[in-house]
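Reader: I would like to learn how to read the packing in a protein model, beginning with the way helices pass one another. Could you take me through it step by step?

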Amino acid sequence: MISPAELNLLPAPQFWRRVSCILYEQLVLLGVIALTFLLPNLGLGIVFGASLPSWLTFLYLYAVLGIYFAWYWTKSGQTLAMQTWRVRMIGPGGYNLTRKQAIWRYFFGSLWLVPCVLLQWLFELQKWQIIEMLFAVALFLWPLSIYLDRVKPLLRQSLPDRLSGTRLVELPKNLVKLN
């Protein structure tokens, strides 16, 4: 077991490890969304012939994904994808995040949606263009914010981590334990 003080000394994951982790996370989230969204809404549509309005669908998915991330970050500091790529989210001093810290980290981490909505409106993107843009921004552009960290360039924390006071660290191979 690694202590919070030792966790706090670990380096930040490099850009490509972050991208790999995000890509894997997106695959895991497809399963989470299928289980918590598609199945109930399919039932709603088949039984009652109804569907949720788009704004309610967005809020529902945002809440479901927020619960997913906050639960994992407060429990072990790692989602399933983070465990695979030996990445861990820590709070100040190397401790696990509190529920409040996890919620703020999720909120700041989802701010990448704002430029996507603006780009979609500005360029009048349609269907698959929107999905491609969301994928590209989440997978590549948002992680590039680690290079904006000029105060502590060796820690290379992304914009959401700096705003929420959290850190991503790369775990050494010999300390990895899947929960």
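Author: Let us begin with handedness: a crossing is left-handed if the near helix is turned anticlockwise from the far one by less than a right angle, and right-handed if clockwise. Please keep in mind throughout that this is a predicted model.

Reader: Which hand does the crossing of α3 and α5 have?

Author: The crossing of these two helices, α3 and α5, is right-handed.

Reader: What else is used to describe two packed helices?

Author: In general, two packed helices are described by the angle between their axes and the distance between the axes. Here α3 and α5 pack with their axes 9 Å apart and at an angle of about 130°. Angles of 65 to 115 degrees count as roughly perpendicular and those over 145 as roughly antiparallel, and α3 and α5 are therefore oblique to each other. On the α3 side the residues that meet α5 are Y62, L65, G66, F69, A70, W73 and T74, while α5 contributes R99, A102, R105, Y106 and F107.

Reader: How do α2 and α3 cross, and at roughly what angle?

Author: The axes of α2 and α3 cross at roughly 120° and come within 11 Å, so this pair of helices, α2 and α3, is oblique too. Their crossing is right-handed, with α2 passing α3. The residues of α2 that take part include E25, L29 and V32, and among those they meet in α3 are L65, Y68 and F69.

Reader: Which residues does F69 touch, leaving out those up to four places away in sequence?

Author: With those sequence neighbours set aside, F69 touches E25, L29, T79 and Y106.

Reader: What is the general idea behind a nonpolar core, and which residues touch the most other members of the largest one here?

Author: In soluble globular proteins, nonpolar side chains tend to be buried together. The largest nonpolar core in this model has 19 residues, and those that touch the most other members are L29, V32, Y68, F69, W73, M82 and M89. At least two residues of this core come from each of α2 (15–48), α3 (54–75), α4 (80–84), β1 (87–90) and α5. The largest share, 7 residues, is supplied by α3.

Reader: How many aromatic pairs are found in the whole structure, and how should I read one?

Author: A search of the whole structure finds 13 aromatic pairs. To read one, look at the angle between the ring planes, since under 30 degrees counts as stacked and over 60 as edge-to-face. F15 and W16 form an edge-to-face pair, with 80° between the planes and 4.9 Å centre to centre. The planes of W104 and F108 lie at 25°, with the ring centres 5.5 Å apart, so this pair is stacked. W104 and F108 are 4 residues apart in helix α5 (residues 99–109), which means that about one helical turn separates them. Ring pairs also link F58, Y62, Y68, F69, W71, Y72, W73 and Y106 into a cluster.

Reader: Are F15 and W16 buried or exposed?

Author: The terms rest on relative accessible area, with under 20% called buried and over 50% exposed. F15 has 8% relative accessibility and therefore counts as buried, whereas W16, at 56%, counts as exposed.

Technical notes
Residues are numbered from 1 along each chain as its sequence is written. This is a predicted model: local features need pLDDT of at least 70, side-chain atom pairs count only at pLDDT 80 or more; totals for chains, interfaces and linings use all residues. Side-chain values use heavy atoms; hydrogens and water are left out. Rings of Phe, Tyr and Trp (its six-membered ring) pair if their centres lie within 6.5 Å; planes under 30 degrees apart count as stacked, over 60 as edge-to-face and the rest as tilted. Buried means under 20% relative accessible area, exposed over 50%, partly exposed in between (1.4 Å probe, protein chains only). A nonpolar core is a set of buried Ala, Val, Leu, Ile, Met, Phe, Trp, Tyr and Cys residues joined through side-chain atoms within 4.5 Å. Contact means heavy atoms within 4.5 Å. Axes are lines fitted to C-alpha atoms, for helices over the stretch in contact, and angles run from 0 to 180 degrees between N-to-C directions. Angles under 35 degrees count as roughly parallel, over 145 as roughly antiparallel, 65 to 115 as roughly perpendicular and the rest as oblique.
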